Amino acid sequence: MLSGSAFTAPRAENQSTWLYKLRPSAMHGPYKRIADGLVRSGPFDEVETPPNRLRWDPFGLPTKATDFIDGLATVAGSGSPAAQSGVAVHLYRANRSMQRRYFYCADGELMFVPQEGAIVLSTELGKLDVAPGELAVVPRGMKFNVTLAGKQARGYVCENYGPSFRLPELGPIGSQGLAQTRDFLAPTAAFEDGGKCEVVAKFMGRLWASEFPHSPLDVVAWHGDYAPYKYELARFMAINTVSFDHPDPSIFTVLTSPSGQPGVANCDFVIFPPRWLVAENTFRPPWFHRNVMSELMGLIHGAYDAKASGFVPGGISIHNCMSAHGPDLATFERASAMELKPHKLDGGLAFMWESRHVFQPTRFAMGARELQKDYDAVWAGFKKLYK
């Protein structure tokens with residue numbers, strides 16, 4: 001059995017799955033330390049975390065043979081795996097499939113958001129085909145490998161140290177809207193009976209490897225609720241204003257990892273999907289704001305409605321606790337002059353991981369050539385609005 005929660009957790013939060021395997025999971029030798037590469041875990045104290053707004057261009061794809069593990073690089077994070085609180089955000093970049101190589105993360109569950117190129121996640125419970133425009137989650141401790149559907153792949157990964165992602169409560173929205181349980185898909189069993197392979201483990205922030213005499217994906221059947229899953233973001237039913245003002249971005253929450261404080265997330269996964277804008281007497285783009293929560297954004301395709309330029313697919317931005325941000329000057333001027341007739345936003349798909357914890361960037365991220373040194377300039381040139 002694979003337990004994703006304490007045995008005595010409340011029934012609504014208790015997660016476990018029975019695995020019917022060809023061989024016991026315990027049938028392997030010891031793990032030995034291997035190089036961490038660019039993978040980092042909390043506490044994130046390699047470099048000081050500035051209060052500045054941060055933005056990166058897309059990170060380049062590899063030129064030499066690189067699989068998912070080799071191409072994994074940590075951008076930022078918070079908390080620590082030992083405390084089971086916080087998150088880490090990684091980029092994956094690969095140009096080859098994992099060959100007789102498998103991975104599992106004991107530190108947290110992994111949320112995949114592909115940006116370029118489809119991937120196949122072959123897990124202990126079966127296979128998930130995941131393309132840009134979809135997300136997938138592999139539970140903490142579950143072994144898997146990553147196969148490329150094409151020549152290369154790039155995307156984002158959120159490693160959630162805290163409580164597992166789940167659907168947010170709908171409150172006064174009622175029973176419909178946002179993401180629905182029926183649209184989340186789990187795999188069917190698809191076992192392997194291969195020979196020797198390498199299994200890489202992420203444990204307490206470090207990478208370890210062991211040689212297995214057989215494939216760990218040897219589960220011929222399973223039942224339970226601790227399972228990997230995928231979700232097509234186009235199935236998200238956006239709720240928006242039909243009168244005035246811009247709603248809080250929390251209305252676009254797909255999944256949430258709660259903290260110990262009601263209504264305050266360890267991590268929310270939020271998307272900004274195609275939708276109609278119909279608000280009257282209103283500045284329609286996201287308003288300028290400072291937030292006690294911290295935000296890390298990515299862009300899957302197209303453009304984000306608050307940034308006219310500079311934020312491109314594959315890029316990343318971080319707006320941490322109380323750092324002022326909002327539309328750039330070009331977006332502000334265009335939105336201030338536009339006629340407020342119904343308008344369909346249909347040119348992009350952006351997302352955000354929002355957390356009560358500050359996103360602390362890694363040395364790799366702060367030293368990368370992709371870091372935009374002039375990001376603050378997008379807010380230069382605003383004229384005084386009141387006399």
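How many disulfides does the count come to? I found that the count comes to 0 disulfides. I note at the outset that this is a predicted model.

**Entry 1: cysteines**

I looked up Cys 197 and found it in no disulfide. The nearest cysteine sulfur to that of Cys 197 belongs to Cys 105 and is 18 Å away, whereas a disulfide requires the two sulfur atoms to be within 2.5 Å. I also checked the accessibility of Cys 197: the residue has 5% relative accessibility and therefore counts as buried, the cut-off being under 20%.

I then turned to Cys 321, which is likewise in no disulfide. For Cys 321 the nearest cysteine sulfur is that of Cys 267, at 15 Å. The relative accessible area of Cys 321 is 33%, and I recorded the residue as partly exposed.

**Entry 2: the open sheet**

I traced an open sheet formed by 8 strands. Their order is β14-β18-β11-β8-β13-β6-β5-β26, and the pairing is antiparallel. Which strands stand at the edges? I identified them as β14 (184-185) and β26 (360-361). Each has a single partner strand, so one side of each is left without a neighbour in the sheet.

Within this sheet I examined the pairing of β8 with β13. Strand β8 covers residues 109-116 and strand β13 residues 153-160; the two run antiparallel and are joined by 7 bridges. I noted one cysteine here as well: Cys 158 in β13 stands opposite Met 111.

**Entry 3: the largest pocket**

I looked up the largest pocket and recorded a volume of about 910 Å³. Its lining comprises 31 residues. Nearest the centre of the largest pocket lie Glu 13, Gln 15, Ser 164, Phe 165 and Arg 166. By class, I listed 17 nonpolar, 8 polar and 6 charged residues in the lining of the largest pocket.

**Entry 4: the second largest pocket**

For the second largest pocket I recorded a space of about 560 Å³. I counted 24 lining residues, of which Ser 250, Thr 256, Gly 263, Val 264 and Asp 268 lie nearest the centre of this pocket. The lining of the second largest pocket divides into 11 nonpolar, 8 polar and 5 charged residues.

Which strand gives the most to the lining of the second largest pocket? I found that β19 does, with 3 residues. Both β19 (253-258) and β20 (265-272) supply at least two residues of the lining of the second largest pocket.

Note on methods:
Residues numbered from 1 in each chain as written. Predicted model: local features only at pLDDT ≥ 70, side-chain atom pairs only at ≥ 80, totals over all residues. Heavy atoms only, no water. Buried < 20%, exposed > 50% of the residue type's maximum accessible area, 1.4 Å probe, protein only. 1 Å grid on protein atoms, 1.4 Å probe; cavity = no way out; pocket = protein on both sides within 12 Å on 5 of 7 lines; lining within 4 Å. Points joined across faces, edges and corners; volume = space filled by probe spheres on them. Nonpolar A, V, L, I, M, F, W, Y, C, P; charged D, E, K, R; others polar. Helix = DSSP H or I, 4+ residues; strand = E, 2+ residues; numbered from the N terminus. Pairing = 2+ DSSP bridges.
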